[in-house]
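Here are my notes on the model you sent. Please read them with the structure open.

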Amino acid sequence: MADITFTLNGERITLREEPNLRFLDVLREKLNHTGAKEGCGEGECGACAILLDGHIVNSCLLPLASVDGRDVVTIEGYRMTERYQMLEKAFIEEGAVQCGICTPGMMIAAESMLRENPDPTDEEIRHGLAGNLCRCTGYNMIIAAIRRAAKEGEGLW
Amino acid sequence: MKKQDISRSIEKVDSREKISGAAAFTSDIKLDGMHYAKSVRSPIPRGRIKQVNLPSLPKGYVVVDHRDIPGENVVKMIHDDWPVFPKTEVAYIGEPILLVVGPDKEKVAELADAVEIEFEELEPTFGFTNSAIDLHYDKGDPDRAFETAARTVSYEYETGYQDQAYIEPQGFVGYLDEGTYTLVGSIQCPYYVKNAVLATMAADEDDVRVIQAPVGGAFGGKEEFPSLTATQLAVALRKVQKPIKFIYEREEDMIATTKRHPSKVRMEAALDENNNIQGLRAHVGLDGGAYLGLSGVVLSRGMLAATNAYTIDNVWVDGDVYVTNTVPNGAFRGFGAPQMIFAIEMFIHHVAKEVGEDTYTFRTRHQVSQGDLTSTGGVYRDPIILDEMSKKAEEISDYHRKRKEYEDPDTFKGIGMSWFLHGCGFTGSGEQEKIKARVKLKKDADGTVRILVAAVDMGQGPKTTFRKLVADVLDLPLEQVLFPYPDTRYVPDSGPTVASRTMMVVGGLLARAAKDLKESWREGEVQEAMQRYKQPDYIEWDQDRMKGDAYPAYSWGVNVVEVEVSKVTYEVDIKHVWSVYDLGKAIDERIVLGQADGGQAQGVVGLGYLEVMEHEGGALKQKNLTDYIIPTAVDMPKTENHIMDNPYPLGPYGAKGVGELTLVGGPPAVALAIEQAIGRRVRKAPVTPEYIMELIHNG
Ligand code: FES
Ligand code: FES
């Protein structure tokens, strides 16, 4: 057991837990944040993606200890932002959502990508999404959504 | 006011809750006092269970196995060979033998690992030798066609395993609600699950309730397999009397759940002196895996596609399902058709090349027209617009110019085109005799209308399109029509969510029910409208001889794929996909385009090139998403898709089937493109770099 302190969606919290717990389980089972999904548990699919100090990370491979002292944003926090609204609108308008199990992770990937590159080319978007698997779409509508959000949300990122 | 065209896209009704992560998928559900279940699996492909040695179980932890089953130890489907929990013998690596159940997930996993089972190993069977189902049909006089042939040409084709690889693994949460087994899960067919559980639990109709949770992808993979996990879970619920969560991990899902059948197809054509195909013989072999499940139906659907979009007068088709000691294979989008369409599309090209004809003219000459007889002697009754479709596809892809340019072998580039059909709905009289679909609309006093059907939204959109359809017929705003997640306590059995039947059949019944409701609408009153499936009178089908109209309607497609093959690594860069589809009428254009994009990812890129799965001695070599490679955004080419209007008189607003059509023609299109790029005849999919190298080196 150890005390782990971090910021979760803007709120500082301290947990007394086993430091080697998977952070995805901590989020989903102890903190009731089920927006990050488990698709593979092995770092391949990106369904469990969160932002750690602003960068995308697969939380299924993240031991609780590694979030100590850091800033965590999950889809539950991200959904409160203006950037989220912009991406949400674009995802809806471009038909980027089918079953939706990959979608929260895709949103996190889009945010992480646009933060570094607010005006990505299609090729850059493809590479930015390479760590997130979607089995329902062929990605083209997700790519179109991110392109649209970047364009219509100029200045947001 | 003129109504808007039904195809005009609207916001998908469940997009917001899915984007925000708020939609509660099965594994997001938490119940008080929830326990966890974990399977102990067979490590060998075949053997007798000699003894089970359990670790000492702490209080509150139990083992559940075949001895706990109150009813039949059979997963009720078509055959009764698939046990809920094996009693004496195991038949494949990964077969679940028993469950460990308890309150702490980690502890349950630890205990499951500590269970030791002693086996007497038996000689396993692999390959295409041990036939358990054989089917046959013929048309015309194939013997004579071959006797009088000027020449014959024959080839063999193979396709491999494909995993559905839905991103959400299989799972259920179950609890007892005043004695009722209540199962909430990631499923395609609520009533398949319910009926299987009824048989295993020897329960009464009202004692089992199945509820669909949001489904994180299925593609056929959640058609029959959930009947196994659900029956196991129900047996566990009876013993433990606590809520239980039962979710597969990715690796369990990969090694133990049904896949697309590997196939071997042999084709032989009899040609007359003008190089017209006057006869076709085909044999289709499917590796069924350890248990039959739905394999016989998959085989039949595959065989029915033997002549694809060509008219051949004399046909002889045989098929076998071979039982092997490998993971059971089953439903996967396309259901046998992708294997067959790969074979016949490649074969038509290979025959043309063999006789020295231009492949394009050769195919066009054999193409079906309205009024022709189908492979089983039924009639293509509705207008066929393949000419218009291929013209469109050629135009947007610049097919003919590129085809010519890439004839130069130095380019290592190629362009391929497939055309294909997909039979919509169940085969033959299946809807009428087996499924007997019923749908219900319920109107509350305040005018709210609820759609009560068992059709599942697994991403393909009926939550949106059904509401749109019913609202449109009733002239109501979308908000006034609701479609709650199917719950067998309230919804009638409208059949499984399979076979591209959801919009055409279930949607068709809903449109009729809505019309009835509209005509009898009384303000302020509670009202119901029911509809039951009635087969169109013109359909005649003889199941035993496989003769007549196999399907009430067909959807059609053309795929064009352009590739460039690396001269160094033989890796294929799939540059672009163009498609044209006739699915009658799109009930929501953007949803259909989404199906097209996803179908091409699985068909063109996945089954055609990228996705490799093999077993060695019954052990799958690809057990997770690290080894089993599915397309990423980088692998996926740009796509351009067109939807043609060709309304089917009996479909709602003219709609036919969509979901499978977008996959089935993909593999031959990419294989033909690669064939041109490398100047070798491709006979196997996926067309991997290793296979390309083999072809180039061996000629
Ligand atoms: S669940 Fe974490 S990457 Fe798949
Ligand atoms: S929408 Fe289903 S996995 Fe992406």
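1. In what order do the four strands of the open sheet in chain B run? The order is S19-S18-S17-S20 (chain B), and the pairing is mixed. Bear in mind throughout that this is a predicted model. Strands S19 (481-482) and S20 (527-532) of chain B stand at the edges. Each has a single partner strand, so one side of each is left without a neighbour in the sheet.

2. Look next at how S20(B) is held. Strand S17 (residues 438-443) of chain B runs antiparallel to S20(B), and six bridges join the two. Within this pair, B:Leu441 has B:Ala529 as its bridge partner.

3. Helix H14 (residues 502-520) of chain B lies across S17, S18 and S20 of chain B, at about 140° to S20(B).

4. Chain B has another open sheet, this one of seven strands. The order is S3-S5-S1-S12-S9-S10-S11 (chain B), again with mixed pairing. Strand S3 (62-64) and strand S11 (208-212) of chain B are the edge strands, and each pairs on one side only. On average, neighbouring strands of this sheet are turned by 25° against each other, direction ignored.

5. Within that sheet, check S9 and S10 of chain B. Strand S9 (residues 171-177) and strand S10 (residues 180-185) of chain B run antiparallel and are joined by six bridges. B:Asp177 stands opposite B:Thr180 in S10(B). Helix H4 (residues 190-201) of chain B lies across S10 and S11 of chain B, at about 155° to S11(B).

6. Now the interface. Here 44 residues of chain B are in contact with 40 residues of chain A. On the chain B side, the elements that give two or more residues are helix H1 (15-19), helix H15 (589-610) and strand S27 (638-644) of chain B. H15(B) supplies the largest share, eight residues. By class, this side has 17 nonpolar, 15 polar and 12 charged residues.

7. Finally, helix H6 (residues 140-152) of chain A. At 1.5 Å a residue, its 13 residues should span 18 Å, and the end C-alpha atoms are 18 Å apart, which agrees. Buried residues in H6(A) include A:Ile142, A:Ile146 and A:Ala150. What covers the buried residues of H6(A) comes from both chains: it includes H3 (82-93), H4 (103-116) and H5 (122-128) of chain A, together with H15 and S27 of chain B.

Note on methods. Residues numbered from 1 in each chain as written. Chains lettered and ligands numbered in written order. Predicted model: local features only at pLDDT ≥ 70, side-chain atom pairs only at ≥ 80, totals over all residues. Pairing = 2+ DSSP bridges. Contact = placed C-beta atoms within 7 Å. Axes fitted to C-alpha atoms, helices over the stretch in contact; angles between N-to-C directions. Nonpolar A, V, L, I, M, F, W, Y, C, P; charged D, E, K, R; others polar. Expected span 1.5 Å × (residues − 1). Buried ≥ 20, exposed ≤ 12 C-beta atoms within 10 Å, placed from the backbone.
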